[in-house]
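Have a look at the sequence and the fold, and then read on.

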Amino acid sequence: MPYIGEIAALLTALCWAISVIYFRQLGSHFSPFNLNLWKGVIAITGLLLAIFVLDISFSSDLNDILWLLLSGAIGIGIGDSAFFAALNRMCERTTLLLTETLSPIFTALLAIVWLSEWLSGFQWLAIAIILLGVDLVIRSKKGKQREMDVSLSGLNYAALSALCQAVGAVTGRDVLINSDIHVVTASLYRLVGGLILVSLIMLLTKQAWLPHEFKKSQLWKILTLATFVGTFVAMQLQTLSFAHAPAAIVQALFASSIIFSLVIAVVRGQKVNRSAVVGSSIALLGVSLIFIW
């Protein structure tokens, strides 16, 4: 199927834009690591069921499995936890904008070193356009409204999340293009790697395993819905996209979650600042130029 990697990347971005709304609602009940832990448990359970029902093989080269575990530990274990921490400090549109536009830059640089996937001068220009869009969106809020949506700690966590996403993407793509491992199995190993690291961090830092008000069934319903869309479905689409398209291109297309997020905000009746629309449009233009080229 032509452009299967690019289409999967766009669908991944849509899943993230939808799920981030629900994950943000859970931020006051779950710590970042706690939320990442239970998200992983639910998603892994779903993937195991899918593997048994579809009779997919677990077997793969041990070296590939170890690299996928490391990819998940960095990209999911640290990256998603940092993303949730940023989400607790900023609105979903700002968090998505920063992480999903910085990630292509980090990914492009790492892909050059790790995979020898070089970008042209035109593509670097497109990345500069993306950064301009990011800056415009950050500057679109003023006074107290801006302070609520953008914070220094939130920016730092978003940048850390973007970097970890890039590392996880490049190492994961290296395995996918050099082996015949199934997409669902690869997704499972990456999630297991993330879950192991998160569990170790929580154990060492003596964090609570259960969220606040964990007896509320509504919390688990929202978490299950967010995990199904944003992890179970999105993880397989993400893995499929990295298997069929260059890492930097895929990661850049993930930034279209910004536009999906704005559309969802309008549908939900939220007011979207004109500068945010302009900045997001410029960022999307940069993403489009990378894709077209």
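Predicted model: local features only at pLDDT ≥ 70, side-chain atom pairs only at ≥ 80, totals over all residues.

How are the rings of Phe83 and Phe84 arranged? Their centres are 6.1 Å apart and their planes stand at 65°, so this pair is edge-to-face. The reasoning rests on a cut-off: planes over 60 degrees apart count as edge-to-face, provided the ring centres lie within 6.5 Å.

## Aromatic pairs and a cluster

By that rule, the count comes to eight aromatic pairs. One of them joins Trp16 and Phe254: with ring centres 4.8 Å apart and planes at 65°, the pair is edge-to-face. Trp16 belongs to helix 1 (residues 4-25) and Phe254 to helix 10 (residues 247-254), so the contact ties together parts that are 238 residues apart in sequence.

Are Trp16 and Phe254 buried or exposed? Both Trp16 and Phe254 are buried. They also share an aromatic cluster with Phe242, and the three residues together form that one cluster.

## Along helix 7

Now for a residue on the outside. Leu152 lies in helix 7, which covers residues 152-177. With a relative accessibility of 64%, Leu152 counts as exposed, because the cut-off for exposed is over 50%.

How far is Leu152 from Gly168 in space? Counted along the sequence, they are 16 residues apart, and from C-alpha to C-alpha the distance is 24 Å.

## Positive phi angles in loops

Most residues other than glycine have a negative phi. Ser116 is not a glycine, yet its phi is positive, near 60°. You will find Ser116 in the loop between helix 4 (92-115) and helix 5 (121-138).

Lys206 is the other one to look up: its phi is positive as well, at about 55°, although Lys206 is not a glycine. Where does Lys206 sit? Its place is in the loop between helix 8 (183-204) and helix 9 (217-244). Lys206 has a relative accessible area of 76%, so it is exposed.

Notes:
Residues numbered from 1 in each chain as written. Heavy atoms only, no water. Helix = DSSP H or I, 4+ residues; strand = E, 2+ residues; numbered from the N terminus. Buried < 20%, exposed > 50% of the residue type's maximum accessible area, 1.4 Å probe, protein only. Phe/Tyr/Trp six-rings, centres within 6.5 Å; stacked < 30°, edge-to-face > 60°.
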